[in-house]
Amino acid sequence: MNYDILPENSDNVENLENAKNAGIPENYTNAEWSPSPDFRFPELKIDTLSIGFPCIQAALSGVSDWAERQIARQLGASSTISEVMLDEFIISVTHAKGKKARRFLRVEEDDHPVGAQLMGVGPEEFTRAALKVVEWGFDWVDINFGCPVKKILGRHRGGFHLTQPEMALSIVRNVRDTVPSEIPVSVKMRRGLDDSEESRDKFFQIFDGARALGISVFTVHPRTVLQRYVGPSDWRFLTELRKYAPDVTILGSGDLFTPMDCVRMMETTGVNGVTIARGAIGNPWIFRDLRELAAGRPIPSPPTLQEQRAVIEEHFALSAELYGEKRAVFSMKKFCIKYAQRHPAHTQVRDDFVKFHTRDELIQLLDKWYTE
């Protein structure tokens, strides 16, 4: 199980252990590279929706909840996408419109623009869920055809749809034909199930079919579904796709752990923007730093311990507002483990963060470790 795609019941020891070890992959390399002096950050649109700065907080199950998205926006993300939500779940919770619905579907005035990412099996429930998230105030609907989790694949969701173009396009057609025309619909994909020619052909069958149905925005992660997060993502595929379809908006994803990674992806592949996923967990300052680069200024110094503490405390407060303090403690553990990576004594801090059980205990740890 991968930390960046934790399910809702992500409060157990096994997941915490995975979270402790979920940093930049060992095989990741950030090659020496500097942008061309002529490179300019493009203005991003999701169909007719103006985003502006081309850097979005990506959808991450169990991670990009309302609290985490608030932190990302405060530190410079131009837009965010909800954690991926199952269509059947959305239908059930919105029918009751209880606390659970408000947690997953919360949209405030300062959240816009914000997208809702959905995942499901077939077109009917998928479309009903799409109408629900629009009703709750999300600005666009993002269709997930990329999730590589085995449990998801076994239930014919997410990346499984890359093996069945007809069903995938049926979902796209129903959603696009049903949601209001002014609401953009985008598609998230990986470059195929595997490296076979058959998988490649099916990718382009879905890609071309979705374009014909009126989809003009695609987020593409250039790993295969079966590759999951092992090995570097093949950015050459993004370059190829950009040349193949110069008329559509392509957002790149995969191996974006530093601001320079984001610039390098945009300049070398030609994508219209980036969606930052694992690289933003515990490091929301990546959005701030990328904006500084875009303004022609040097990357700021790393956040001080006091700055880190302020963000952790704010994140916990938002999480407590969303879930209540007891559940916020469990939700914040995975984030604190990631925040600890920026601390000079990160191993000790990380191990301490695993142990706290109350807000007071968290404050004691912040007093212990986050003083100048």
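F353 is buried, with a relative accessible area of 1%. The model is a predicted one. F356 likewise has a relative accessible area of 1% and counts as buried, and the two residues F353 and F356 pair edge-to-face, with 6.3 Å between ring centres and 75° between planes.

**Aromatic pairs and cluster**

- The count of aromatic pairs in the model comes to 14.
- F204 and F207 lie 3 residues apart in helix α8 (residues 197–212), so about one helical turn separates them.
- F204 has a relative accessible area of 11%, and because buried means under 20%, this residue counts as buried.
- F207 is also buried, at 0% relative accessibility.
- F204 and F207 belong to one aromatic cluster, together with F203, F218, F237 and Y244.

**Charges over rings**

- The ring of F356 has the charged end of K333 sitting over it, 5.9 Å from the ring centre.
- The ring of Y229 has the charged end of R190 over it, at 4.9 Å from the centre.

**Nonpolar cores**

- The largest nonpolar core consists of 67 residues.
- Within this core, the residues with the most contacts are L118, V133, I143, F145, V175 and F218.
- F218, one of these residues, is also a member of the aromatic cluster that holds F204 and F207.
- Leaving aside residues up to four places away in sequence, I143 touches L118, F126, I171, V172, V175, V185, S186, V187 and K188.

**Packing of two helices**

- Helix α2 (residues 66–74) packs against helix α12 (residues 305–323) at an angle of about 145°, and their axes are 8 Å apart.
- The crossing of α2 past α12 is right-handed.
- On the α2 side, the contact is made by W66, A67, E68, Q70, I71 and Q74.
- On the α12 side, the contributing residues are V311, E314, H315, L318, S319, E321 and L322.

Methods:
Residues numbered from 1 in each chain as written. Predicted model: local features only at pLDDT ≥ 70, side-chain atom pairs only at ≥ 80, totals over all residues. Heavy atoms only, no water. Phe/Tyr/Trp six-rings, centres within 6.5 Å; stacked < 30°, edge-to-face > 60°. Helix = DSSP H or I, 4+ residues; strand = E, 2+ residues; numbered from the N terminus. Buried < 20%, exposed > 50% of the residue type's maximum accessible area, 1.4 Å probe, protein only. Lys NZ or Arg CZ within 6 Å of the ring centre and 35° of its normal. Core = buried A, V, L, I, M, F, W, Y, C linked by side-chain atoms within 4.5 Å. Contact = heavy atoms within 4.5 Å. Axes fitted to C-alpha atoms, helices over the stretch in contact; angles between N-to-C directions. Left-handed = near helix turned anticlockwise from the far one by under 90°.
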